[in-house]
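Trainee: Could you walk me through this model before I set anything up with it?

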Amino acid sequence: MSERPVLSTARFDLWRPRASDLPDLVDLMADEETRRFLGPNRAGAPAVFERLQRNAGSWALHGYGTFHVRAHGNDAIIATCGVFHSWRGFGKGMDDVPEAGWIVRHDRCGHGIACEVMDAALAWFNHTHGPRRIACMIEHGNTASARLAARLGFVAYDEHCTDEDVHITLLERGAC
């Protein structure tokens, strides 16, 4: 994988996934509050390993995925943000599509990380892969992510309730 970040913003470096990222990702996902709005997401190395493998697969097969976000000059991963290829398995425009997503370490929320990084990631995606529809889903009650999605140009088009009774809003952003 790359020995340099793919992108840099004013405050952050955005990296493709590397196998050596697993311990930092386990730390990122260990906090229950960080996972609060991620549905029935599990913590622990096996679940995070699966997430890392899916993200690396998105990069390998589609040329895009979520970025591992580090502050300039720091090795710790503080967020994962970007556009990845997903298949949610419930239709409604969420299967076999580019999907935007962001996870920020709980103690770093409220500092504009996701906004800054997603602006850069979406611009990179559009430039690299051409403007096209990108899906997004936000669990009910996650007002911060709903505000960010709206700011990024995502609009609601449907609702979905998972088998675990998690209610989510399905959003999309058309070709820009």
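This is a predicted model: local features need pLDDT of at least 70, side-chain atom pairs count only at pLDDT 80 or more; totals for chains, interfaces and linings use all residues.

Mentor: Residues are numbered from 1 along each chain as its sequence is written, and side-chain values use heavy atoms, with hydrogens and water left out.

Trainee: How many disulfides are there?
Mentor: A disulfide here is a pair of cysteine sulfur atoms within 2.5 Å. For Cys-136, the nearest cysteine sulfur belongs to Cys-81 and is 11 Å away. The sulfur of Cys-161 is 18 Å from the closest one, in Cys-136, so that pair is too far apart for a bond. The count is zero.

Trainee: Is Cys-136 buried or exposed?
Mentor: Buried means under 20% relative accessible area, exposed over 50%, and partly exposed in between (1.4 Å probe, protein chains only). Cys-161, at 34%, falls in the partly exposed class. Cys-136 has a relative accessibility of 2%, so its class is buried.

Trainee: How far apart are the end C-alpha atoms of helix H2?
Mentor: Helices (H or I, at least four residues) and strands (E, at least two) are DSSP runs, numbered from the N terminus. The expected span of a helix is 1.5 Å times one less than its number of residues. H2 covers residues 45-62, and its 18 residues should span 26 Å; that agrees with the distance in the model, which is 25 Å.

Trainee: Within what arc do the buried residues of H2 fall?
Mentor: Ala-47, Val-48, Leu-52, Asn-55, Ser-58 and Trp-59 are the buried residues of H2. An α-helix has 3.6 residues a turn, so residues three or four places apart point the same way. Taking directions from the helix axis to the C-beta atoms, the buried residues of H2 line one face, because they fall within an arc of 140 degrees.

Trainee: Which elements do the buried residues of H2 pack against?
Mentor: Turned away from the buried side, the other face of H2 carries exposed Pro-46, Arg-54, Ala-60 and Leu-61. The partners are helix H1 (22-30), strand S3 (66-71), strand S4 (77-87) and helix H3 (113-129).

Trainee: What is the bridge partner of Asp-13?
Mentor: Two strands pair if DSSP finds at least two bridges between them. S1 (residues 7-8) and S2 pair in the antiparallel sense over two bridges, with a hairpin of three residues joining them. The partner of Asp-13 is Ser-8.

Trainee: Which residue in S3 stands opposite Phe-12?
Mentor: Both faces of S2 are covered, with Phe-12 and Leu-14 buried on one side and Asp-13 and Trp-15 buried on the other. S2 and S3 run antiparallel and are joined by four bridges. Opposite Phe-12 stands Ala-71.

Trainee: What is the bridge partner of Met-137 in S8?
Mentor: S6 has five of its six residues buried. Six bridges join S6 to strand S8 (residues 167-173), and the two run antiparallel. The partner of Met-137 is Leu-170.

Trainee: How far apart in space are Val-155 and Leu-170?
Mentor: Val-155 is found in strand S7. It touches Leu-170, Leu-171 and Glu-172, leaving out residues up to four places away in sequence. Val-155 and Leu-170 are 15 residues apart in sequence, and their C-alpha to C-alpha distance is 8.3 Å.

Trainee: Where is Lys-92?
Mentor: Lys-92 has a positive phi of about 55 degrees although it is not a glycine. At 38% relative accessibility, Lys-92 is partly exposed. Its place is the loop between S4 and S5.

Methods: Contact means heavy atoms within 4.5 Å.
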